[in-house]
Amino acid sequence: MSRPEHIAPPEFFYNETEAKKYTGNSRIAAIQAEMTLRAVELLCLGDEGPYYLLDIGCGSGLSGEILDEDEHIWAGMDIAPSMLDIAADKDVEGDLFLQDIGQGMGFRPGTFDGAISVSVLQWLCNADKTENRPRYRLQRFFSTLFMSLQRGARAIFQFYPENDLQIEMIMGIAMKCGFTGGLVVDFPNSKKARKFYLCLFAGQAAPGRKQELPQGLGSEEADSSVAYTDARIQTKKRGKKGRKPAKDTASWILHKKELSRKRGKEDVPLDSKYTGRKRRPKF
């Protein structure tokens, strides 16, 4: 299955039909809500809220609804007009902007207390137009985002990297623009549940607070230990006395043939005293 950013630019891919399909899918909405909650958690906001947050690539307002439930004040920006129309029809609380983030942002310095983004960052790495150069667009985006955040604020990007080179390019450009931080990977050993979060710090934190990279979910023991099992050794030692017959023995062959007969397979060889007997090597 091809990636959406390889099919068309986002403003054309998320047309009116695709925008309604995306917003009306309950599974997508549940995943979006889960990733938004995780992104807000990684912001490590205090209890002094509400905070003023920026939702980068807000789409139809699925992430904004989570921010509304947490009583945060937020502003959202997206490049797809059809997505923003749906968000406006839902009367979300945040302010909505039609903006290509690859061209930078014009907010005042220190406007936001934090920023989140869900499934957006990989779109900037695709040169879908002749004038679009991924490195320039990423640099323009990160440099203006750094100025828009208060010192010590965090920006959390959930994204789907295409390969390791893409991760290195994104992180390298972000660091050149003044950010610090790193990559947080949830459930790194699961191909289906694995999620990538780029956690960026805009300068030093306030006195009394430390900027520490959070731990990924499901990774406490994955990096420090290796599970060992001797199941294959025990299977070889089990032989005829075990519950499950060892492979290629006479009892194993008889068991497989009996299963084949019960399943209705035809042309199953008959049992004989030679079944499973080892043959002498031929010269």
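Contact here means heavy atoms within 4.5 Å; the model shown in these views is predicted.

**View 1. Helices α3 and α6 lie across strands of the sheet.** Helix α3, residues 26-43, lies across β1, β4 (112-118), β5 (149-159), β6 and β7 (195-202). Its direction is at about 145° to that of β4. Helix α6 spans residues 134-148 and lies across β1, β4, β5 and β7. Relative to β5, helix α6 runs at about 135°.

**View 2. An open sheet of seven strands has mixed pairing.** The strand order is β3-β2-β1-β4-β5-β7-β6. At the edges stand β3 (95-98) and β6 (180-186), each of which pairs on one side only. On average, neighbouring strands of this sheet are turned by 15° against each other, direction ignored.

**View 3. Strands β1 and β2 pair in the parallel sense.** Strands of a sheet pair through backbone hydrogen bonds, in either a parallel or an antiparallel manner. Residues 52-56 form β1 and residues 73-78 form β2, with five bridges between the two strands. Within this pairing, Leu-54 stands opposite Ala-75 in β2.

**View 4. Thr-23 is a buried residue of helix α2.** Helix α2 covers residues 16-24 and includes Thr-23. Thr-23 has a relative accessible area of 17% and counts as buried because this value is under 20%. The side chain of Thr-23 reaches the backbone oxygen of Ala-19 at 2.9 Å. Leaving aside residues up to four places away in sequence, Thr-23 touches Ser-60, Leu-62, Met-83, Ile-86 and Lys-90. Of these contacts, Ser-60 is 37 residues from Thr-23 in sequence, while the C-alpha atoms of the two residues are 6.7 Å apart in space.

**View 5. Cys-58 and Cys-177 are buried.** The relative accessible area is 2% for Cys-58 and 14% for Cys-177. A disulfide is a covalent bond between the sulfur atoms of two cysteines. The structure holds zero disulfides.

**View 6. The protein chain comprises nine helices and seven strands.** Of its 283 residues, 39% count as buried. Among contacts between residues at least 6 apart in sequence, 63% join residues at least 24 apart. The chain exposes about 18000 Å², of which carbon and sulfur atoms supply 51%.

Technical notes: Residues are numbered from 1 along each chain as its sequence is written. This is a predicted model: local features need pLDDT of at least 70, side-chain atom pairs count only at pLDDT 80 or more; totals for chains, interfaces and linings use all residues. Side-chain values use heavy atoms; hydrogens and water are left out. Helices (H or I, at least four residues) and strands (E, at least two) are DSSP runs, numbered from the N terminus. Buried means under 20% relative accessible area, exposed over 50%, partly exposed in between (1.4 Å probe, protein chains only). A polar contact is a pair of N or O atoms within 3.5 Å; within protein, one must be able to donate a hydrogen and the other to accept it, and residues adjacent in sequence count only if both atoms are side-chain atoms. A disulfide is a pair of cysteine sulfur atoms within 2.5 Å. Two strands pair if DSSP finds at least two bridges between them. Axes are lines fitted to C-alpha atoms, for helices over the stretch in contact, and angles run from 0 to 180 degrees between N-to-C directions. Accessible areas come from the Shrake-Rupley method with a 1.4 Å probe; for residues, only the protein chains shown count as cover.
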